[in-house]
Amino acid sequence: MNSPSVSTAPLAAASRPRTSLIALTALAPAIWGTTYLVTTHLLPDGHPLFAALMRSLPAGLIALLITRTLPRGSWWWKSLVLGTLNMAAFFPLLFISAQHLPGGVAATLGAGQPIIVAFLAVVILGERLSGRRLGWGIVGVVGVGLVVLGPGAGFSPVGILAGLAGTLSMGTGVVLTKRWGRPEGVSAMALAGWQLTAAGLVIAGPALIIDGVPPVVDAAATWGYAWLAVFGALASYTIWFSGIRQLPVTSTALLGLLSPLVAAALGVLVAGESLAPVQLVGFGVALAAMLAGQLAPPTRGQLRTTASPCGGISPRRPAAPRTAARERSDRASRQEAGLQG
């Protein structure tokens, strides 16, 4: 008789929502990958703070108008802290890095965020250091480096410092976002709106005093600012904050590897660039690291399974306790077979 088997359908069904959530969350860094192209091809040069202001404040105000939800209690100062780390500091540093470095160098610095997040999760969240995901983060940086670093890559000290500071800023913001979560009944868009508005208010003074309004804002720049506000901020951060709440923070950070990869792909498709064989290898390595980092590690006490005769999967049950009657039956059988010791 075939032993009863346990259907794998529930396991597959349970994995589908997680896979869908990962795919949806990955849209955010994929959209951020367009920032390099928009910054270098559409926006006026020399106005990183103004670009950050245009990316954050309009998007935040739109989110507040849609959700009609304001922070309460401690979320006033938490929104200010998160908005500063995730946007007010990160956006200008990103634009400065992009304007002082080739896009590849800036992207490689940004790809180090999963490594920073892995260590910050230990300090801020009290998690154990995930050597597995830390390793995949390092592999991802190597892969991105192979894709975007060419022999003529420049290394401006200002650009490098800005890139590293921006990576550290957003990495800290990601971990704190995971730690604080969001208030009950508050949507991810509302949380994004709070932070984007706070970021815009923080940036407004320095942007108008230091950068000022660009002398010429043509149609291309208008489209560029609109894209960064609506898609690069409002939509992407709504998706991102929803994903952070439900996914492990270190694996979510690994999705950030998509940003430089999308930037490289757009360089090929839009800017007429090409990828050498070693860059294609790096592309595959970075994608593999990102995907491997999403796999849940095996847990202790996980149900061991064995293949059933009918090809299904059945749980390995513990051996039944030996009763006195069973002992007498076994002894009689051994006596009859002449095996009594």
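**Helix packing and aromatic rings**

Helix 7 and helix 9 cross in a right-handed way; right-handed means that the near helix is turned clockwise from the far one by less than a right angle, and left-handed means anticlockwise. Before going on: this is a predicted model, where local features need pLDDT of at least 70 and side-chain atom pairs count only at pLDDT 80 or more, while totals for chains, interfaces and linings use all residues. Residues are numbered from 1 along each chain as its sequence is written, and side-chain values use heavy atoms, with hydrogens and water left out.

Helices here are DSSP runs of H or I with at least four residues, numbered from the N terminus. The axes are lines fitted to C-alpha atoms over the stretch in contact, and angles run from 0 to 180 degrees between N-to-C directions.

Is V117 buried or exposed? V117 is buried, at a relative accessible area of 0%; buried means under 20%, exposed over 50%, and partly exposed in between, with a 1.4 Å probe and protein chains only. Beyond its neighbours within four places in sequence, V117 has contacts (heavy atoms within 4.5 Å) with G171, V175, V249, T250 and A253. From V117 to S251 is 134 residues in sequence, and 9.5 Å in space from C-alpha to C-alpha.

Helix 3 and helix 11 have axes 8 Å apart and pack at about 55 degrees. That makes helix 3 oblique to helix 11. Their crossing is right-handed. Residues of helix 3 that meet helix 11 include F50, and Y225 is among those on the helix 11 side.

Last, the rings. Rings of Phe, Tyr and Trp (its six-membered ring) pair if their centres lie within 6.5 Å; planes under 30 degrees apart are stacked, over 60 edge-to-face, and the rest tilted. That rule gives 9 aromatic pairs. F50 and Y225 make an edge-to-face pair, 5.7 Å centre to centre with 80 degrees between the planes. F50 in helix 3 and Y225 in helix 11 are 175 residues apart, and both are buried.

Conventions:
Helices (H or I, at least four residues) and strands (E, at least two) are DSSP runs, numbered from the N terminus. Angles under 35 degrees count as roughly parallel, over 145 as roughly antiparallel, 65 to 115 as roughly perpendicular and the rest as oblique.
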